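Hello,

Here is the structure I promised to send over.

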Amino acid sequence: MGGLPSIPSSASQGRWRELLAGAVSARSILALATRGGYRTIRLARARSPDDRLATLELDLHLARAGPASLEHAGVAGPVEVFVGPARWTLARLKALECGPCDVVYLDADKEPCVVYPVVVLALSRTGQ
Ligand SMILES: C[S@@+](CC[C@H](N)C(=O)[O-])C[C@H]1O[C@@H](n2cnc3c(N)ncnc32)[C@H](O)[C@@H]1O
């Protein structure tokens, strides 16, 4: 899709993501990061078209490719894409009070994965 090389993601991993999102009746999903959207497709299928799907991506080309792939895969509904470094975008989303998210999928650069959850928690729905 979109001329991007495929990345590993088994059918069972995809089904697992869809099950998790469905289990919490996700109405708002945030995916780090966009790339070709391959791994986001199954998450997106757990929501209704009028529910929120936002992704963020460092690379402008990939930020454009992701939504096109999702549309190609038949994922209905709008996709918001924020371009820039995840740390910066997450801080901006927090400042804009863009939460709460029901599901946040961490699949961007791996080194900051110890810091992303701190910000992501502030954007997440609590009490479920
Ligand atoms: C494994 S891929 C994401 C796959 C995607 N979740 C999907 O559904 O196919 C990792 C992505 O993280 C992006 N990325 C790497 N560092 C980043 C950063 N600091 N901020 C935002 N995105 C970043 C890369 O450009 C790449 O597109």
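How many strands form the open sheet, and in what order? There are 4 strands, arranged in the order 3-2-1-4, and their pairing is parallel. Before going on, please keep in mind that this is a predicted model, where local features need pLDDT of at least 70, side-chain atom pairs count only at pLDDT 80 or more, and totals for chains, interfaces and linings use all residues. Residues are numbered from 1 along each chain as its sequence is written.

The sheet

Helices (H or I, at least four residues) and strands (E, at least two) are DSSP runs numbered from the N terminus, and two strands pair if DSSP finds at least two bridges between them. Strand 3 (80-83) and strand 4 (103-106) are the edge strands, each pairing on one side only. From one strand to the next, the twist averages 15°; axes here are lines fitted to C-alpha atoms, for helices over the stretch in contact, and angles run from 0 to 180 degrees between N-to-C directions.

Strand 2 (residues 52-57) is joined to strand 3 by 4 bridges, and the two run parallel. Within this pair, Leu56 stands opposite Phe82 of strand 3. Helix 3 packs on the sheet, where it touches strand 2 and strand 3, and its direction makes about 175° with that of strand 3. Contact means that two C-beta atoms, placed from the backbone, lie within 7 Å. Strand 1 also pairs with strand 2 in the parallel sense, over 5 bridges, and Ile29 has Leu53 in strand 2 as its bridge partner.

I call a residue buried if 20 or more other C-beta atoms lie within 10 Å of its own, exposed if 12 or fewer, and partly exposed in between, with C-beta atoms placed from the backbone. Strand 2 is mostly covered, with 5 of its 6 residues buried. Ala65, in helix 3 (residues 60-72), counts as buried because it has 21 C-beta neighbours inside 10 Å.

In helix 4 (residues 86-95), the buried residues are Ala86, Thr89, Leu90 and Leu93. They are on the same side of helix 4 because they cover an arc of only 100° around the axis, the arc being that of the directions from the helix axis to the C-beta atoms. Their cover includes strand 1 (28-32), strand 2, strand 3 and helix 5 (116-122). Trp88 and Ala95, on the other side of helix 4, are exposed.

Around the ligand

Which residues come nearest to the ligand? Of the 19 residues around the ligand, they are Ala33, Arg35, Arg39, Ala86 and Asp109; a residue is near a molecule or strand if its C-beta atom, placed from the backbone, lies within 6 Å of it. The largest share of this shell, 3 residues, comes from helix 2. The shell divides into 10 nonpolar, 3 polar and 6 charged residues.

Two of these names also have a backbone feature to check. Ala33, in the loop between strand 1 and helix 2, is joined to Leu32 by a cis peptide bond with omega of about 0°. Arg35 lies in the loop between strand 1 and helix 2 and has a positive phi of about 40° although it is not a glycine. Arg35 counts as buried because it has 22 C-beta neighbours inside 10 Å.

Best wishes

Methods: Ala, Val, Leu, Ile, Met, Phe, Trp, Tyr, Cys and Pro count as nonpolar, Asp, Glu, Lys and Arg as charged, and the others, Gly among them, as polar.
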